Amino acid sequence: MPYLGSEDAVRELRRALSNPNVQSDQLRYRNTVLKAIRAMSQGVDVSDLFSEMVKACATVDIVQKKLVYVFLCSYATLNPELSLLVINTLRKDCQDPNPMVRSLALRNMTNLRLPSLVEYVEQPLAAGLRDRAACVRRVAVLGWAKLHNLQPDAEIDAAVVNELYGLLRDPDPVVMVNCLRALEEILKKEGGVAINKPITHHLLNRLKESDVWGQCEVLRILQRYHPQSEDELFDILSLLDASLVSPHPPVMAATLGLFLGLCSGLPAVSLAALERVRGPLLAACGSTSRETRFTALCHIQLLLRSLPGLMGAHYKRFFCGYAEPAYIKQRKMQVLVELVNDENVAMLLDELKGYCTDVNPETAQAAISAIGRIGRSYSDRCLEILTGLLGLKQEHITSAVVQTMCDLVWVCPQCSDTVCSALEGCEEMLQDSQGRQALLWLLAAYGERVSSAPYTLEGFIDRVRSEASLGVKMELLTTTMRLFLCRPSETQDMLGRLLHYCIEEEMDMCVRDQALLYYRLLHCGIEETHKVLHGQRSDPSLGVLIGRPAEPINQWAYSFNTLEPLRQAGVETEPASRGSPEHVTFDPKPNTDLSDTLNCSQIEKLGTPISGQLLPFFFAEPLKFHQVGWGASVHSHFQISPEMFNRVQVRALAGPLKDIHRVVPKPLLCYLGCVLRFVVLLEDEPSPQSEVQSALEHVFIQDVSVHCCIHLSLNPD
Amino acid sequence: MIHSLFLINHSGDIFLEKHWKSVISHSVCDYFFEAKEKAVDPEDVPPVLQTPHHYLITVHRGKLFFLSVVQTEVPPLFVIEFLHRVADTFQDYFGECSESVIKDNVVTVYELLEEMLDNGFPLATESNVLKELIRPPTILRSVVNTLTGSSNVGDTLPTGQLSTIPWRRADVKYTNNEAYFDVIEEIDAILDKSGTTVFAEIQGVIEASVRLTGMPDLTLSFMNPRLLDDVSFHPCVRFKRWESERTLSFIPPDGNFTLMNYHVSSQNPVAIPVYVKQSISFFESGPCGRLDITIGPKQTMGKTVEALMVKIHMPKAVLSANLTATQGNYTYDLPNKVLVWDIGKLNPQKLPNLKGILSLQAGAPKPEDNPSLNIDLRIQQVAISGLKVSRLEMFGEKYKPFKGVKYVTKAGKFQFKCAALYEPFLLSFWTILFFYFTTF
């Protein structure tokens, strides 16, 4: 009971509303209605007053009418029978000489949202389309769309559709735009309103008359039109030129979207259009509304994909202000990284350095990884800053720096000396699992050069019992193995301890499995182990990053002026995880809470890998599943000998086995000349080996041999 | 397009909701609250969130979140701009856009939202038209209303909606015909340790207050229109005339409106009205630091700098400040770690100075992040870009209007980056000085 005494209040209101003295005094009557509305907005359930309110509706006082309508629309669904009474009043109001009353009645009639009332509403709506007042027509046109939404399966009345098409020529621009909106909704199944040449030209000629919102709408719908000749195309473009530099960001964005759509076959024209919107876009970046700034930034990122030099001279516009929200700062840094060149690199790095100590840890991390990205082209300067940051002894900064170094070394092996010397003594500052994973990976790759590596590892192994993160444990196993290969005398003892712990005591299947695998590998002899475990330290294919190649505009034109570029994971994950080693992300929370339609495109995009990028998805309770573990040695035709055994991917298979291709992304394997170990968690009873194998072979490419073994889960339930 | 709107306050209560299509349950906002929990600062919630069936597009204005629920793919700028328009309208109607004011005027707010959107599409958003439909509440009017029984809702159709000039109502009559223009400029600048400009730009706006009878046609011309780049106009301005002659020609809306926004940047060097000499240092030994700030006039175009105020975001470890100011007074807001020094008028003969000791939390490491100085100021009667209105002419009506132009310069995002002095020599020097003071 959130509101004590609400029943009393309702009773009081009802008494007042039905009191003839109140009813005869217009002012008192209206104030009582007002009180009821106020109570409603405070959350009191006043639906019992419905019948009194229906009576109050029959008044000449337009204010009272408005108030009552608000009430009726909110509670109509609860009282469908009584709503019939309302309809009569509303229909009477539709005949009122005052156009304002007519439009009000019509609007509320369609807002009642009761399918049972549709038959009574149709006639006044049809009359409304032919009303002499524009404001009534505006409402009537949209009314048809609302009716259609009420009964989406009902037959579409061709006469109404024709009439709506006719009203596209209405003298009032709002009626015209509303017609477009209504037709879009009504004809959704047929692909929206039909756009032909006369309609297009009519809409374009009247574009200037409508307001900002209407212009956006028209421009969006015109994207469906394909001009018949080049002359026509250029006529349209020159007509739209003024809106392209419109001071209203929504109009500018909609026009550019239309431009890009129309000129998809003319890249030179599209590029010229991008140049032209630079000014308005930059202005939107300086807008007082932070949301507009953010959206403009996201769209600039899109544009930079095709025209990397577009904003070169304006890099200072992307410096962050102190009070800007984190999401803007992070986007600005992403843009800054794209704009770096020989002249401004010192200035940019100086600025980014300032952001590394930001109060918000996420912003600080973004700044550090931005420096790391610039480091691919200007490694010396960046490493200097990064090692300087380690001196601050801040947990989150150290973690971010180590992760960044890890990424950097993978791309620029020449940095390894500096990185190795910087690593000493930073393990005490690392608290989060990602930072420790990165440190372990670095120790594995450059263990022989870091003198304190065995001691660091020993510390990790001593604490392995209390280690919560699966990723760290897996990484620890691989690192100890690899360090053992280059410094056997120092590490032999601790490797033994670690393997013993992982095989005998560890509860996690993946860790245990991995440890067993290494154990057996060691049995095969040191030569074999070396062959398998000696992995790459860097990715030669990436090399020094000298600016991104310009993408064709068509790659992103479809997502311009939509919500896609604004998504969190949209652009930034791609460069962030590009080429980084397998420590990437151990996402403890699978993205299953997002719907399929919204999400799958994202996964696909991430799954198009640049070599070595894996996406481990780990599900919270693996022991619940029966488990199939298998090592697939993949010999692609690029390299014959298996090189690496440290890439592990864990995936859960939720569906039946035939869906396995959804779990194992195919293109991933084309790039790997190595042994890949996959752990697939199965929910079903483990099927015969041959079935699994055939399913897997179906997925993999021809020149791949698959070795498959099935482990039963330790404690199936 | 826009399905529903929720208004949410900083503590996370939904205090108003409006649905234009079917009713969407409150629970959709949980995704927003989740993101808000995660964010360090409530303002850090990203403007677009994705839920399984909807998108949530949020705009943050004056400690309120305007959260719109959208079911299909929409142009984001469109929705964001519209939500800001809603907030602007509330501001326009009630003087401010805050929770208490909206709650007080909840009925008007519902009426406004009803008029602004129909079936999720923007309907009437022009302030002039809306004010004809629903009159803004004023104290006088509410008194009159209660006495006479008239209302704040117009009972005739707004004439503007039918005329060819949608922003102006017909048959306006005034006894005093006046047209006032305020040129307001804000300096957005970042200056580095040595005082050189890292980034500077001027955001200008011309606010107009026009009360003229009939259907006047105004022409406003500038002495130096070439200064302006990135202009954006009220829809009443004839863009063709601006492009060809660089004059503003328009039939004004009735009442207050924003005539144009502009930026001045890149080509023209921006005058920085004040300079700051500052040093903030923290000692290697002992939990304290030292602060010394002096402010002086630089390029003020011969006018006095007023309402000068310095805001410093201190490192987390700073507990208190024991300072002396030669002018004005200072406060240290401990929970937010903000030091505010309110100076007032800047006297070029006697420069204001603030210095003293900052005490740190015992045992905390020496703060590393350099505090930055945010400056607030105001200069009357000058537009810092040098923009000047040369003349205002009126056509179409016979009377002589009273005309006036006012210039104001303010600081927008005006920020000095601090030099953090960690040089060993300086530190030891200050330490010695400090010991000198404490021992004698």
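This report describes chain A of a predicted model and its interface with chain B.

## Basis of the model

Local features need pLDDT of at least 70 and side-chain atom pairs count only at pLDDT 80 or more, whereas totals for chains, interfaces and linings use all residues. Residues are numbered from 1 along each chain as its sequence is written, and side-chain values use heavy atoms, with hydrogens and water left out.

## Chain A

Chain A holds 35 helices and three strands, where helices (H or I, at least four residues) and strands (E, at least two) are DSSP runs numbered from the N terminus. Of the 717 residues in chain A, 58% are buried, meaning under 20% relative accessible area with a 1.4 Å probe and protein chains only.

## The interface with chain B

In chain A, 77 residues are in contact with 81 residues of chain B, contact being heavy atoms within 4.5 Å. The area buried between chain A and chain B is about 6900 Å², and carbon and sulfur atoms give 58% of this area; buried area is the accessible area (1.4 Å probe) that two parts lose on being put together, summed over both. On the side of chain A, Trp213(A), Tyr322(A) and Leu563(A) lose the most area to chain B, together 12% of what that side buries.

## Salt bridges

Between chain A and chain B there are seven salt bridges, each a side-chain nitrogen of Lys or Arg within 4 Å of a carboxyl oxygen of Asp or Glu. The side chains of Glu185(A) and Lys21(B) form a salt bridge, at 3.2 Å from N to O. Helix H9 (residues 134–150) of chain A gives the largest share of the side that touches chain B, eight residues.

Definitions and conventions
Chains lettered and ligands numbered in written order. Buried < 20%, exposed > 50% of the residue type's maximum accessible area, 1.4 Å probe, protein only.
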